[in-house]
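These are my notes on one chain, taken in the order I looked things up.

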Amino acid sequence: MFDISFSYENILLVVANVINFIYNVPQVLRTYRTKSAGDFDIWFLGLRVFYNFLWILYGIEINSWLVSLNSIVTIIATMFIGYYK
């Protein structure tokens, strides 16, 4: 079902997922504290969701849950910010 091997590609994907989580958390926390996302353009948020949705589909197609997970984290963060927009 899931290929959890220590290949070069999977190590890169894990590092990318960690970085993705790290750079999204501060913005989500800031948005939650201020209850404002006025400085975000709605087009940016919409395209960010669409872009990451395509990456999820790609991850499913190549059977890589790590690729999909990275984009799911970004979509969740974007939807949270979009809620306050």
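Where is the place of R48? I found R48 in helix 2; helices (H or I, at least four residues) and strands (E, at least two) are DSSP runs, numbered from the N terminus.

Before going further I noted the basis. This is a predicted model, in which local features need pLDDT of at least 70 and side-chain atom pairs count only at pLDDT 80 or more, while totals for chains, interfaces and linings use all residues. Residues are numbered from 1 along each chain as its sequence is written, and side-chain values use heavy atoms, with hydrogens and water left out.

**Entry: R48**

Setting aside residues up to four places away in sequence, R48 touches Y23, N24, T74 and T78, where contact means heavy atoms within 4.5 Å. I also took a distance to T31: R48 and T31 are 17 residues apart in sequence, and their C-alpha atoms are 17 Å apart in space.

**Entry: whole chain**

I counted 3 helices and 0 strands in the protein chain, in the order α-α-α along the sequence. Along the principal axes, the C-alpha atoms fill a box of roughly 40 × 20 × 15 Å. The chain has 85 residues, and 27% of them are buried. Of the contacts with a separation of 6 or more, 73% are between residues 24 or more positions apart. I put the accessible surface at about 6,200 Å², with 73% of that area belonging to carbon and sulfur atoms; the areas come from the Shrake-Rupley method with a 1.4 Å probe, and for residues only the protein chains shown count as cover.

**Entry: charges**

I found 5 positive and 5 negative side chains, and the centres of the two sets lie 21 Å apart. Lys and Arg count as positive and Asp and Glu as negative, with His and the chain ends not counted; the place of a charge is NZ of Lys, CZ of Arg, CG of Asp or CD of Glu.

How many salt bridges does a search of the whole structure find? The search gives 1 salt bridge, defined as a side-chain nitrogen of Lys or Arg within 4 Å of a carboxyl oxygen of Asp or Glu. R30 forms a salt bridge with D39, and the closest N and O atoms are 3.4 Å apart. R30 is partly exposed at 40% relative accessible area, and D39 is exposed at 53%.

**Entry: nonpolar patch**

I noted a nonpolar surface patch formed by F6, I11, V15, I19 and Y23, with about 570 Å² of accessible area together. Patches are made of residues with over 30% relative accessible area and no salt bridge; like charges are joined within 9 Å, and nonpolar side chains (Val, Leu, Ile, Met, Phe, Trp, Tyr) within 5 Å. I11 sits in helix 1 (residues 8–34) and is partly exposed, with a relative accessible area of 45%.

I placed S64 in the loop between helix 2 (42–61) and helix 3 (65–84). S64 is buried at 12% relative accessible area, and beyond four places in sequence S64 touches L13 and G59.

K85 lies in the segment after helix 3 and is partly exposed at 42%. Apart from neighbours within four places in sequence, K85 is in contact with A37, G38, F40, I42 and L45.

Key
Buried means under 20% relative accessible area, exposed over 50%, partly exposed in between (1.4 Å probe, protein chains only).
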